Amino acid sequence: VLYYQYINRRVAERLGGLHSASIVMTSFDFHGVEALQRQGRWQEAGVLMADAAVNLQNVGAEIMVICANTMHKVAPQIESCINIPLLHITKPTGDAIRRRGYKRVGLLGTRFTMEDDFYRQRLEAELGISVLTPEAAARDVVHGVIYDELCRGVVSELSRERFKRMITEFGRKGAEAVILGCTEISLLLKDKDASLPLLDTTRLHALAAADLALQGHE
């Protein structure tokens, strides 16, 4: 919903009048996707998403976005099957970090996003920054809140307080901002809740996608 709102509002702002975005979309049954994630069957998840990406390209999509941080783990599989650009979510996130001059940031997301190489190390390699993640027990808490609460539409004040404490701890370790590295976390945390600036990947990615799609169309 947030992607759809951000993209359409951006198009309306840029083109004026009654303009909105032309969007083709595949929405997966997350029950099956989560099972593939949990069982480490990433190759199968990549095939599933690549097939969908090819179908979207065939009906006229000019750029591709994956509306989830974690599923960028299979981005290379998707890119190998399509001829249109895939806007990786770390690109607008990294651009925001670069613009603001941050050298050390915290990262909150699923266990896969916080612990695997595809996300954190991509930012570190491209920007030369330090990306901090919570301690192991806290990572378990973040992962559980995402899957057991936010993915089910549950927004808990207790979980919000736990996340706020993690952000405070990031600050004690020298972080200058925190990446909300799961598109659900923005349902739980707003700027007013945090002791550090928040980098909302949902908003950054959606706006960058709209801007990229509008190139040459204004």
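Is Lys-164 buried, partly exposed or exposed? Lys-164 is partly exposed, at a relative accessible area of 25%; buried means under 20%, exposed over 50% and partly exposed in between (1.4 Å probe, protein chains only).

This is a predicted model, where local features need pLDDT of at least 70, side-chain atom pairs count only at pLDDT 80 or more, and totals for chains, interfaces and linings use all residues. Residues are numbered from 1 along each chain as its sequence is written, and side-chain values use heavy atoms, with hydrogens and water left out.

View 1. Helices are DSSP runs of H or I with at least four residues, strands are E runs of at least two, and both are numbered from the N terminus. Glu-161 is partly exposed, at 30% relative accessibility.

**View 2. Helix α8 (residues 136-148) packs on helix α9 (residues 157-172).** Their axes are 11 Å apart, at an angle of about 140°. Axes are lines fitted to C-alpha atoms, for helices over the stretch in contact, and angles run from 0 to 180 degrees between N-to-C directions. The pair is therefore oblique: under 35 degrees counts as roughly parallel, over 145 as roughly antiparallel, 65 to 115 as roughly perpendicular, and the rest as oblique. Ala-138, Val-141, Val-142 and Val-145 of α8 meet Ser-159, Arg-162, Phe-163 and Met-166 of α9, with contact meaning heavy atoms within 4.5 Å.

**View 3. Helix α1 (residues 2-15) meets helix α10 (residues 201-214).** The axes come within 9 Å and cross at roughly 40°. That angle makes α1 oblique to α10. Residues in the contact include Tyr-3 and Ile-7 of α1, and Ala-206 and Leu-207 of α10.

View 4. Gly-128 follows the helix, with a positive phi near 65°.
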